[in-house]
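Please open the structure in a viewer and keep the selection tool at hand.

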Amino acid sequence: MKSVSRGTTSAARSAIPLGTKQQPVQQRSVETFESILEVTARLLGEVGVERLSTNLVCEHAGISPPALYRYFPNKYAILKELGERLMKCQNEAYRAWLAQEQQLDYDGSREASIRGLRDMQGAINAVTLAFPGAVWIMRALRAVPTLRHIRLDSHEDVTETTIKGLRSRYPTADEGALRIAMRLSTEVMYAATEMVVDNPQMDGNAINTEVAEMVVRYYDKFVEAEPRYTR
């Protein structure tokens, strides 16, 4: 069943062209390109993925279909561009936090780890909430099979970055076990971001603190296995 599923997903991705036809160079072209993205992000919240169409985008952006098709072959290509931009913003926020974290004299302290992850989660949530249409883009990346690889590739990239950046904290840990833990914690914290974005009435800081504590307690098994942290 799994091989069939992977084949089906691969076939779906190849059947629908997702590449941007050309990148804008001149100022007017850049403005048209960005207008298409801005209008699409807004319309997602109004009509959803299924009812979204290139004709609707053209109507609201005040452009002709040929002007849109100069850059995007279909609505999924527009959503792909939006999704990749959102993932890039989130990953840049994560890397900025990681650069600061690597400068710290880590001693295995649970309190410091919770505080650090809470702050990291808050930074990622902030850039996500500031991104136009983020809630709908995130939903599209999860709901549309053609686009799911954008989210998964981003999570794999974060996992690899984490392995390279924090591997030295757990030198005796099994590489495979640590990689699984880092990928799993990436998925959990991304889900917490979705929770904050989807539920603006909830206390985002409280959610950040709770998920940070969950992840830190999960990593206790690696901390406790390192003699330098248990002296």
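**First stop: Asn 125**

Select Asn 125, which counts as buried because its relative accessibility is 4% (buried means under 20% relative accessible area, with a 1.4 Å probe and protein chains only). This is a predicted model, in which local features need pLDDT of at least 70 and side-chain atom pairs count only at pLDDT 80 or more, while totals for chains, interfaces and linings use all residues. Residues are numbered from 1 along each chain as its sequence is written, and side-chain values use heavy atoms, with hydrogens and water left out.

Asn 125 lies in helix H6; helices are DSSP runs (H or I, at least four residues), numbered from the N terminus. Next, display Thr 193, Val 196 and Asn 208, which Asn 125 touches, not counting residues up to four places away in sequence (contact means heavy atoms within 4.5 Å). The side chains of Asn 125 and Asn 208 make a polar contact at 2.9 Å.

Now select H5, residues 75-101. At its start, a side-chain oxygen of Asn 74 comes to within 3.0 Å of the backbone nitrogen of Tyr 76.

Residues of H5, including Leu 86 and Trp 97, meet residues of H6, among them Gly 116 and Thr 128.

Finally, select H7, residues 134-143, where Ala 134, Val 135, Ile 137, Met 138, Ala 140 and Leu 141 are buried.

Technical notes
Helix = DSSP H or I, 4+ residues; strand = E, 2+ residues; numbered from the N terminus. Expected span 1.5 Å × (residues − 1). Polar contact = N/O pair within 3.5 Å; in protein donor to acceptor, adjacent residues only side chain to side chain. Buried < 20%, exposed > 50% of the residue type's maximum accessible area, 1.4 Å probe, protein only.
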